[in-house]
Amino acid sequence: MDLHNLLEYAKEAQKKAYVPYSNFQVGAALLTKSGKIYTGCNIENASYGATNCAERTAFFKAVSEGERDFQAIAIVSSSGQETFPCGICRQVMAEFMLGGFVVLQTADGEIKEYQTKDLLPFAFTEEDLSK
Ligand code: THU
């Protein structure tokens, strides 16, 4: 999968963002190991805490369709700069994509890759539950 292409899917998903409170649109495109793409946008709520980030929308859509194995997620936002995933989304990435990577694009168009492991060092995982 061409990472430019994955970013294009994320940009399309960003258009669907429901953001009446922050007006900050985020789009994500999640790539499975088998090559399928699931997209997501952020979905806000008048009760702010019920807001769902674009990344988790993509993961939850995919997992609810039976997917378990992911290789990468592209994230874009209305900032037009690199938007790093929040802590909760990093934890979800650790659950389903610990060996994968995040794709971001800088304001001048450069594509950057960040390993999930580097974004959430010492992640809490299922192994911790059996200690
Ligand atoms: N947001 C995301 O969708 N993903 C991120 O990685 C950072 C934050 C959303 C949540 C909220 O709708 C808005 O951006 C402002 O925090």
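The model is predicted.

Start with the ligand. Its shell consists of Ser 22, Phe 24, Val 26, Asn 42, Glu 44, Thr 51, Cys 53, Ala 54, Glu 55, Phe 84, Pro 85 and Cys 86. By class, these shell residues split into 7 nonpolar, 3 polar and 2 charged. A polar side-chain atom of Glu 55 sits 2.6 Å from a ligand oxygen. The side chain of Asn 42 places an N or O atom 2.9 Å from an oxygen of the ligand. Phe 84 contributes through its backbone, with a polar atom 3.5 Å from a ligand oxygen. The protein buries 78% of the 370 Å² that the ligand exposes when taken alone.

Now turn to the loop between α1 (3–14) and β1 (26–32), where Tyr 21 is found. Tyr 21 counts as partly exposed because its relative accessibility is 40%, between the limits of 20% and 50%.

Most residues other than glycine have a negative phi. Asn 23 has 62% relative accessibility, so it counts as exposed.

Phe 122 also has a positive phi, near 55°. Phe 122 belongs to the loop between α4 (116–119) and α5 (126–129). At 86% relative accessibility, Phe 122 is classed as exposed.

Notes. Residues numbered from 1 in each chain as written. Predicted model: local features only at pLDDT ≥ 70, side-chain atom pairs only at ≥ 80, totals over all residues. Heavy atoms only, no water. Helix = DSSP H or I, 4+ residues; strand = E, 2+ residues; numbered from the N terminus. Buried < 20%, exposed > 50% of the residue type's maximum accessible area, 1.4 Å probe, protein only. Near = heavy atom within 4 Å. Polar contact = N/O pair within 3.5 Å; in protein donor to acceptor, adjacent residues only side chain to side chain. Areas by Shrake-Rupley, 256 points an atom, 1.4 Å probe, with all protein chains shown as cover. Nonpolar A, V, L, I, M, F, W, Y, C, P; charged D, E, K, R; others polar.
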